[in-house]
Amino acid sequence: MQDTELLQYVHETAEMGIEGLQNVVGQADDRLRESIQSQISEYENISRRSARMLRSKGETPREPALMARISSEVMSTVQTLADPSSSKIAEMVIKGNQMGITKGLKHLHDYAGDDRQVRSLAEELLATEQSNVEQMKPFL
């Protein structure tokens with residue numbers, strides 16, 4: 001995996017994080033909503049920075065695939081209709097982040113580039129996802 005591939009992954013993952021969290025923030029109570037909005041801000045920051053880095057390398061940032069976005073929205077809607085509790089929302093956020101952590105670690109291990117900024121941003125995304133999991137645990 002080279003620089004732009006890892007950056008595209010970081011960008012798409014941050015965008016999916018934003019969308020996934022926006023799908024559930026409206027059902028969250030005040031305390032959970034505050035935590036989710038903080039996570040959205042972190043993802044927005046990473047998304048902006050990855051987009052800037054991609055453009056500096058002559059690439060256009062890709063958005064997540066339409067099917068992935070639709071699937072995420074449908075799953076969120078169905079699951080929160082069945083159980084709109086803070087516990088269920090926290091569980092969904094944790095599961096999404098855990099998938100991101102696993103995939104992010106694989107991508108970091110496959111990264112063959114030597115751009116420290118690219119690696120650092122990917123590691124920051126990973127740390128953000130790990131922190132997000134910890135933030136959600138009290139809501140379970």
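A cavity here is a set of points, on a 1 Å grid over the protein atoms alone, where a 1.4 Å probe fits but cannot get out. The structure holds 1 cavity of 30 Å³ or more, with volume taken as the space filled by probe spheres set on the points. This is a predicted model: local features need pLDDT of at least 70, side-chain atom pairs count only at pLDDT 80 or more, and totals for chains, interfaces and linings use all residues. Residues are numbered from 1 along each chain, and side-chain values use heavy atoms, without hydrogens and water.

**The cavity**
- The largest cavity has a volume of about 40 Å³.
- Its lining (residues with an atom within 4 Å of a point) is L6, Y9, V10, G104, L108, A122, L125, L126 and E129.
- Helices α1 (3–25), α4 (86–110) and α5 each supply at least two lining residues; helices are DSSP runs (H or I, at least four residues) numbered from the N terminus.
- α5 gives the most, with 4 residues.
- By class, the lining has 7 nonpolar, 1 polar and 1 charged residues.

**Packing of α2 and α5**
- α2 (residues 30–56) and α5 (residues 116–136) pack at about 170°, axes 11 Å apart.
- That makes α2 roughly antiparallel to α5 (angles over 145 degrees, on a scale from 0 to 180 between N-to-C directions).
- Residues of α2 in contact (heavy atoms within 4.5 Å) with α5 include L32, I36, Y43 and M53.
- On the α5 side, V118, L121, L125 and M136 are among them.
- The α2 contact with α5 has 9 nonpolar, 8 polar and 4 charged residues.

Key. Angles under 35 degrees count as roughly parallel, over 145 as roughly antiparallel, 65 to 115 as roughly perpendicular and the rest as oblique. Ala, Val, Leu, Ile, Met, Phe, Trp, Tyr, Cys and Pro count as nonpolar, Asp, Glu, Lys and Arg as charged, and the others, Gly among them, as polar. On a 1 Å grid over the protein atoms alone, a cavity is a set of points where a 1.4 Å probe fits but cannot get out, and a pocket is an open set with protein on both sides within 12 Å along at least five of seven lines; lining residues have an atom within 4 Å of a point.
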